[in-house]
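Reader: I'm new to this one. Can you put it up and walk me through it?

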Amino acid sequence: LVVAGELASTNDLAFELTPRLDPRGAAFIAAAQTGGRGRFGREWSSPEGNLYLSVSRPLGEAVEKAGIISLLAGLALARTVEAETGVKPDVKWPNDLQVKGKKLAGILVEARGDLQVVGLGLNVNTSVDQLSPEVADIATTLLAETGRKFGIEQLAAAFLSEFAALEKKFEADP
């Protein structure tokens, strides 16, 4: 587990460090990102107070099965949010969590060579007006939905546990 302050992107850090740390994979968390991104290179607003997490893993499955990892991550994150906060998000396949039609989280899965990185951004403890103006009207946060703040580390640990359990089930029976 690598924990960082502000950096460009947890996904980029995962691709850079995983081969040197442990080719079997690692997890990377940042307090804030300056270059967070979603699918198609879209900007992901990444102020401090939210969860920015990337998990690297070897791309061991056949490529046609590797795409399911994004779906497993979405399911794991939805289960985590509900269990830890009481908020029941909708999963907008393949890579978003929404509450009342507003984006709560995004998942970006990327592969380079034999390495796959599952990155996620979950809006947790920021107010909506702290998000970038481009997304403020289409996004929400757990703070906005509940009026409460949540532990980033606890959410990260719960997600990693749920994701590992789903990944293990997938590996046993794709």
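Predicted model: local features only at pLDDT ≥ 70, side-chain atom pairs only at ≥ 80, totals over all residues.

Reader: Helices, then. At what angle do H3 and H5 cross?

Author: Roughly 135°, with the axes coming within 8 Å. H3 covers residues 68–85 and H5 covers residues 152–172. Helices (H or I, at least four residues) and strands (E, at least two) are DSSP runs, numbered from the N terminus. Axes are lines fitted to C-alpha atoms, for helices over the stretch in contact, and angles run from 0 to 180 degrees between N-to-C directions.

Reader: What do you call that arrangement of H3 and H5?

Author: H3 and H5 are oblique to each other. Under 35 degrees counts as roughly parallel, over 145 as roughly antiparallel, 65 to 115 as roughly perpendicular, and the rest as oblique.

Reader: Which residues of H3 and H5 make the contact?

Author: Among them are Leu-72, Ala-76 and Thr-80 of H3, and Leu-155, Phe-159 and Glu-162 of H5. Contact means heavy atoms within 4.5 Å. The residues of this contact divide into 13 nonpolar, 3 polar and 4 charged. Here Ala, Val, Leu, Ile, Met, Phe, Trp, Tyr, Cys and Pro count as nonpolar, Asp, Glu, Lys and Arg as charged, and the others, Gly among them, as polar.

Reader: Now the core. How many residues has the largest nonpolar core?

Author: It has 31 residues. Leu-77, Phe-159 and Phe-163 are among those with the most contacts inside it. Elements giving it two or more residues include H3, H5 and strand S3 (51–58). A nonpolar core is a set of buried Ala, Val, Leu, Ile, Met, Phe, Trp, Tyr and Cys residues joined through side-chain atoms within 4.5 Å. Another core, of 10 residues, lies apart from it, and includes Leu-13 and Leu-115.

Reader: What does Phe-159 touch?

Author: Leaving aside neighbours within four places in sequence, Phe-159 is in contact with Leu-53, Val-55, Ala-73, Ala-76, Leu-77, Thr-80 and Leu-120.

Reader: And Leu-155: buried or exposed?

Author: Leu-155 is buried, with a relative accessible area of 3%. Buried means under 20% relative accessible area, exposed over 50%, partly exposed in between (1.4 Å probe, protein chains only). Beyond neighbours within four places in sequence, the contacts of Leu-155 include Leu-51, Glu-84 and Phe-150.

Reader: Over to Thr-18. Where is it found?

Author: In helix H1 (residues 10–21). Thr-18 counts as buried, at 1% relative accessibility. Not counting residues up to four places away in sequence, Thr-18 touches Pro-23, Phe-28 and Ser-56, among others.

Reader: Last one. What is phi of Lys-100 near?

Author: Near 55°, a positive value in a residue other than glycine. Most residues other than glycine have a negative phi. Lys-100 lies in the loop between S5 and S6 and counts as exposed, at 70% relative accessibility.

Technical notes: Residues numbered from 1 in each chain as written. Heavy atoms only, no water.
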